[in-house]
Amino acid sequence: MPAPTAIRGLVSGLCLLLASAAVVPVATAQQAPPGTAEKGSNPPAPTDYVRMSDGTLIAVNVQVPTTYRKGRRYPTIFEISGYEGGSAGDRTLVGEAGFGDRYTTVARGSRILTRIFNRHYVTVHANVRGTGCSGGEFDLFSWQSALDGREVIEWIARQPWSNGRVGIYGHSYGGLTGFMVAATRPPQLVAASVSGLIEDLYRGQAYPGGVPNTGFPVLWTLGIRPFYDLAGGSGQALVTRQDPVCARNTATHTRTIADDPVLQGLAGPTDNEWWRARSLSTHAARIDVPIHIAGAWQDEETGPRFPRLFELVEGVAKRMVASNGDHGTQWIAPQVWRDRRRWMDHWMRGEENGFGTLEERHSSVVTLLEMNDPVPPPPGPAATHPTQVPRANGRIESRTFPLEATRWTDWYLRAGGRLRRAPPRADEGSDVYLSGSRRQSWNFQAGPGFGPPLTTADGPDELTYTTRRFRRSKALVGPITATLFMSSTSPDTDVFVQLIDVGPDGSRTFLQRGLLKASHRALDRERSDWVQTTDGRVMYRPFHPHTNPTAVVPGEVFRMAIEVWPVGHVFRPGHRLMVNVHAPPTLDSYYAYAPRYLPGANTVFHDAERPSRIMLPLVPIRGLRLGPPVPCGQLTAVRCVPG
């Protein structure tokens, strides 16, 4: 991106100039951060540095609470990321220059995530090594960065303002690194609350279903992260504070080319140890403190596979809050961030907020339904869009995910575009669509109604199957699996399955999707996720190794078990469920799918011998109170095309 590149060149020059200046004192494990406060005052918190065991300096920024009293000790909320973190104060260089308002993340710094804790907690923000004012080599989501976070937590616990109790709170980058820091098991860590997570870096981001995603992963790696790192963080230290330690650290940043995520993505389309080592699911079993996970089904940046982390964490108190929404919903919506604050207060400060004790290993899931209703922002945490603070229209509570009351129900693809509970007859045959067109391209920032369906003039490029109108409301909450029996004239093809709520007026609300490359169809049944029901074991999330692609034989029938990402939605009376099957769109919100196969004709079979179907997690809604139906386009971050 041109602007960040130009800024980086300017700052590099400043680095060389300032590196020759005298070095300011550096904090070690025995030194407190500079600055103290008299009774009732709230002193500034300049950038400080904590020396790691290998000598690398990690930049931190310390802020004391509004209730600060000299001599008192406080619990601490800790965040570490590769954005501004420990390199910026309360306002970043972008904010100092007057760009952006007080609700803009890059103008306000990462403190946008911890502002809700400013009454009772010290907050400490840190930059991972190789970013901002921290020294060392940058390595995306590396275990070394997690170990650095552990050392900073140990340093925090020894400071005179600390009572020794530390909690992790983070969103997106801060949530991802925070989860990994928690997995290092710092003895001083009491609890964690994280959101905006990528459960599996390969399956959830870089190669969903084995299909290359050239959208957000590339945009973030090459543009967004460097911009936040520089304009949001180190730029302030270099330009406004003229920090010589920051200048020296920034000038000596290094990076191993083999660990560059873009090069890893270009190296090959299969899963490998590089992706696994940087995936949170690899480390989930190590979490040993109470943890709160929040996420949104329509998260356009980090995706909706976060519930699997809740499932993988065992033996501790845990809670998950999920809703429709975008990447910012977890810290904009009051019903989410207030729940997260109650969780931290319960474990960090001993408030009784109904989450049990350590011995009880309390487990709970809250599904917020129909997030909508823009209202003015509340005091406290800032929002990216100050006039858009969504709130839910209803909620379902459970102890587990998938939800305890889930009824796993097969709906069969039938002749004539029907979607029915009853299996197909022997003579219902098949349908054919062309895989060469790139359909339904739309962009999140352009609005939920942008990008109506497209068709080709020379043949069908989409298959559509629809239920009858529902007589009563139905809740759909959880992961979904589409099982398709197919053949293709091409040795490989990408299959995209889309779930749509069709209103009585013909409006189409796009709920969720899943995709799979045919050559990656190999299924590992042992590593797939199963649930025991009265009818036997049900596989609700298929696991594909993505390690040994095998081309299909043109014309031969093969089976595809497609993971459709989880969702929470209520179908109102008179609405219908539509399932579409087609090639992936060129642009799918912030995801962009690059085809790597020859176009061809795909056949989907739906007869008694080859019953293609989709398994839905339906949840009883007796006693559920919902407000009036939400008009098309007013569900938060949910795309709806008017009828």
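Modeller: Here is a walk through the aromatic pairs, then the core, the cysteines and the confidence.

A quick word on ground rules. This is a predicted model, where local features need pLDDT of at least 70 and side-chain atom pairs count only at pLDDT 80 or more, while totals for chains, interfaces and linings use all residues. Residues are numbered from 1 along each chain as its sequence is written, and side-chain values use heavy atoms, with hydrogens and water left out.

Now to the rings. The structure holds 25 aromatic pairs; rings of Phe, Tyr and Trp (its six-membered ring) pair if their centres lie within 6.5 Å, and planes under 30 degrees apart count as stacked, over 60 as edge-to-face and the rest as tilted. Take Tyr83 and Tyr173: their ring centres are 5.2 Å apart and the planes sit at 80°, so this pair is edge-to-face. It ties together distant parts of the chain, 90 residues apart, with Tyr83 in the loop between strand 3 (74–81) and helix 2 (93–96) and Tyr173 in helix 5 (residues 173–183). Helices (H or I, at least four residues) and strands (E, at least two) are DSSP runs, numbered from the N terminus. Tyr83 and Tyr173 are both buried, where buried means under 20% relative accessible area, exposed over 50%, and partly exposed in between (1.4 Å probe, protein chains only). These two tyrosines also belong to one aromatic cluster, together with Phe141, Trp220, Phe227 and Tyr228.

Another edge-to-face pair is Trp155 with Trp161, at 6.3 Å centre to centre and 75° between the planes. Both of these tryptophans, Trp155 and Trp161, are buried.

A charge counts as sitting over a ring if NZ of Lys or CZ of Arg is within 6 Å of the ring centre and within 35 degrees of the ring normal. Arg340 lies over the face of Tyr169, 4.2 Å from the ring centre, and the charged end of Lys318 sits over the ring of Phe310, 4.5 Å from its centre.

Leaving aside neighbours within four places in sequence, His292 is in contact (heavy atoms within 4.5 Å) with Ala192, Ser193, Val194, Arg319, Val321, Asp339, Arg340 and Trp343. Another histidine, His171, is in strand 5 (residues 162–171), and it counts as buried at 7% relative accessibility. His171 and Gly295 are 124 residues apart in sequence, yet 9.6 Å apart in space, C-alpha to C-alpha.

On to the core. A nonpolar core is a set of buried Ala, Val, Leu, Ile, Met, Phe, Trp, Tyr and Cys residues joined through side-chain atoms within 4.5 Å. The largest one has 104 residues, and those with the most contacts inside it are Phe78, Phe179, Val497, Leu499 and Ile614. Phe179 touches, among others, Val194, Leu280, Ile287 and Leu309, not counting residues up to four places away in sequence. Apart from that core lies another, of 14 residues, among them Val190, Ala317, Trp343 and Phe355.

With a disulfide taken as a pair of cysteine sulfur atoms within 2.5 Å, the count comes to two. Cys133 is joined to Cys246, S to S 2.1 Å, and the torsion about their S-S bond is about -70°, so the disulfide is left-handed. Cys133 and Cys246 are both buried. The other disulfide joins Cys632 to Cys640, S to S 1.9 Å, and is left-handed as well, with -115° about the S-S bond. Here Cys632 is partly exposed, with a relative accessible area of 33%, whereas Cys640 counts as buried at 4%.

pLDDT is the predictor's confidence in each residue, from 0 to 100; the chain's mean is 86, and 83% of its residues reach 70 or more. Residues 1–45 stay under 50, and over residues 375–387 the pLDDT is below 50 too. Where pLDDT is low, the predicted coordinates should not be read in detail.
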